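This briefing goes through a single model by topic. Please keep the sequence and the coordinates open while reading.

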Amino acid sequence: MSASGLAVHQFRYEQKSYWRNPTSAVFTFVFPLLFLVIFASLNSSSTIGSMGGLAYNQYYVPAIISFGVISATYTSLAMTLTIRRDSGILKRLRGTPLPASALLGGVVLNALVVSGLIAALVGGTGVLFYDVTFPGHWAALIVALAVGAASFCALGMAVSSLIPNADAAPAIVNGILFPVLFVSGVFYPVNGDSFLGRLGALFPVRHFVMSVFAAFDTRLPSGVGHGFAWRDLAIVALWGLAAALVAVRRFRWSPSR
């Protein structure tokens, strides 16, 4: 079997393993939906003055889509790879005929599929229940989600290589992520000219949020060629490339002692 065929085979295994752990699967989907329902309901009649009176939920739903994708890629991969490395699973798999590219490819494909499901679920909920309008920027949305998901997969793998053991994984992964989420305007809009806006612009989360929001921005013309935030997409892609280089150089198959 070719390496790509083995990666697909590993992906099927990862999918079965993922859905047979309902607690992990449910929380991956519940957290974005929970944040969506709470904040979108509280601010259903609010507008954003700095965005020309744009409805709050028109901004917030794309932001929560971004959060869901980050949770399914960065958080999930960093946790999963660290736990498997610390328990010796990665070391044992490395000693089998399964190529490393197929093993990691299956794990990444699983994260990408889950992130796509979360994006569809959150976006559909926003459109159906919270008066969010999608202006038809399908190409821009698909490109933003693909670039963001791939980049945050790379970031998750890079961070996993820096975590010393499984016990430290939750603190390090979430300790890095949640402060960045808040300064990047995921849960509330942040003016780009403010201190928090400039601070958030140093990290890829804000640029990912803005690239997804651009696909939902009703102020832009409709059509295939509109809704792209090229500068933000380029920054997210550069972060992903840098993270991939770190992951390749520092990735460990054996637990540290």
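This is a predicted model: local features need pLDDT of at least 70, side-chain atom pairs count only at pLDDT 80 or more; totals for chains, interfaces and linings use all residues.

At 4% relative accessibility, does F187 count as buried or exposed? F187 counts as buried, because 4% lies under the 20% cut-off.

**Helix α3**

- Helix α3 covers residues 56-86, which makes 31 residues.
- At 1.5 Å a residue, α3 should span 45 Å, and its end C-alpha atoms are 43 Å apart, so the two values agree.
- A kink of about 35° is present in α3, with its centre on S76.
- Of the 31 residues of α3, 27 are buried, so the rest of the structure largely encloses this helix.
- After α3 comes G88, which has a positive phi, near 90°.

**Aromatic pairs and a charge over a ring**

- The number of aromatic pairs in the structure is 17.
- One of these is the edge-to-face pair of Y18 and W19, with 5.0 Å from centre to centre and 85° between the planes.
- Within that pair, Y18 counts as buried because its relative accessibility is 11%, whereas W19, at 40%, counts as partly exposed.
- F182 and F187 form a tilted pair, with 5.1 Å from centre to centre and 50° between the planes.
- Separately, R94 places its charged end over the ring of W253, at 5.0 Å from the ring centre.

**S184, in a loop**

- S184 is located in the loop that runs between α7 (169-183) and α8 (195-200).
- With a relative accessibility of 0%, S184 counts as buried.
- A polar atom of the S184 side chain lies 2.6 Å from the backbone oxygen of V180.
- Leaving aside residues up to four places away in sequence, S184 touches Y59, G200, V205 and R206.

**S211, in a helix**

- S211 belongs to helix α9, residues 204-216.
- Its relative accessibility is 1%, so S211 counts as buried.
- The side chain of S211 has a polar atom 2.7 Å from the backbone oxygen of F208.
- Residues three or four places apart in an α-helix point the same way, because there are 3.6 residues a turn.
- Leaving aside residues up to four places away in sequence, S211 touches A144, G227, A229, D232 and L233.

**D193, in the loop between α7 and α8**

- D193 lies in the loop between α7 and α8, as S184 does.
- Which class does a relative accessible area of 65% give D193? D193 is exposed, because 65% is over the 50% cut-off.
- S184, by contrast, is buried at 0% relative accessibility.
- The C-alpha atoms of D193 and M157 are separated by 32 Å, and the two residues are 36 residues apart along the chain.

Note on methods. Residues are numbered from 1 along each chain as its sequence is written. Side-chain values use heavy atoms; hydrogens and water are left out. Helices (H or I, at least four residues) and strands (E, at least two) are DSSP runs, numbered from the N terminus. The expected span of a helix is 1.5 Å times one less than its number of residues. The bend at a residue is the angle between axes fitted to the seven residues ending there and the seven starting there. Buried means under 20% relative accessible area, exposed over 50%, partly exposed in between (1.4 Å probe, protein chains only). Rings of Phe, Tyr and Trp (its six-membered ring) pair if their centres lie within 6.5 Å; planes under 30 degrees apart count as stacked, over 60 as edge-to-face and the rest as tilted. A charge sits over a ring if NZ of Lys or CZ of Arg is within 6 Å of the ring centre and within 35 degrees of the ring normal. A polar contact is a pair of N or O atoms within 3.5 Å; within protein, one must be able to donate a hydrogen and the other to accept it, and residues adjacent in sequence count only if both atoms are side-chain atoms. Contact means heavy atoms within 4.5 Å.
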